[in-house]
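Okay, everyone, thanks for coming. I'd like to walk you through one chain today, so let me put it on the screen.

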Amino acid sequence: MEDMRGKAQKGLLASLCLLLAACSSQPDAGSAGNWRGYTQTGLASYYADRYHNKKTASGEPYQKGANTAAHMTLPFGAMVRVTNLANGKSVVVRVNDRGNFPRGRVIDLSRAAFSTIGNTRSGLLKVRVEVL
């Protein structure tokens with residue numbers, strides 16, 4: 001009887017592991033995967049200078065002069081075109097961080113990327129995000 005119970009527990013554990021593995025829906029890091037063509041509209045902000053050289057969620061340091069960004073769900077390494085809807089200027093950035101943004105905010109850009117498409121004094125820009 002104990003042998004049957006042990007086998008049932010092992011079977012249940014194996015089934016649970018397979019179920020959890022099947023639930024992973026994020027594309028591989030470093031690729032746009034199923035996200036290619038995804039678009040989103042909302043507000044963009046930029047990192048404060050105090051975060052320069054601080055570790056991002058991907059493990060690499062934030063560099064204010066690089067064209068990088070934080071996004072809540074896009075995979076690390078995804079290349080994204082961010083277009084300022086007010087002036088049509090755009091910049092391509094690489095997602096290397098996560099963010100927990102206030103409502104309406106969709107992306108947090110490096111200082112260099114933000115200043116390419118708008119004035120940092122504005123603080124926020126209405127943008128369209130497109131995964132390349």
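Before I count anything: by salt bridge I mean a side-chain nitrogen of Lys or Arg within 4 Å of a carboxyl oxygen of Asp or Glu. Searching the whole structure with that rule turns up three salt bridges. Side chains of opposite charge can pair when their charged atoms come close.

Quick housekeeping. This is a predicted model, where local features need pLDDT of at least 70, side-chain atom pairs count only at pLDDT 80 or more, and totals for chains, interfaces and linings use all residues. Residues are numbered from 1 along each chain as its sequence is written, and side-chain values use heavy atoms, with hydrogens and water left out.

So, the layout. The chain has two helices and six strands, in the order α-β-β-β-β-β-α-β from the N terminus. Those are DSSP runs, numbered from the N terminus: helices are H or I with at least four residues, strands are E with at least two.

Back to the salt bridges. Aspartate 49 pairs with arginine 111, with the closest N and O atoms 3.7 Å apart. That one links distant parts of the chain: aspartate 49 sits in the loop between strand S1 (39-46) and strand S2 (68-70), while arginine 111 is in helix H2 (residues 111-117), 62 residues apart.

Next, glutamate 60 and arginine 94, at 3.0 Å between the closest N and O atoms. Here too distant parts are linked, from the loop between S1 and S2 to strand S4 (residues 90-97), 34 residues apart. And glutamate 130 meets arginine 128 at 3.5 Å, N to O.

Arginine 94 has 29%, so it's partly exposed.

Contact here means heavy atoms within 4.5 Å. Leaving aside neighbours within four places in sequence, asparagine 84 touches Lys89, Ile117, Gly118, Leu125, Lys126 and Val127.

Methionine 79 is in strand S3 too, but it's partly exposed at 36% relative accessibility. Zooming out to finish, buried residues make up 33% of the 132 residues in the chain.

Conventions: Buried means under 20% relative accessible area, exposed over 50%, partly exposed in between (1.4 Å probe, protein chains only).
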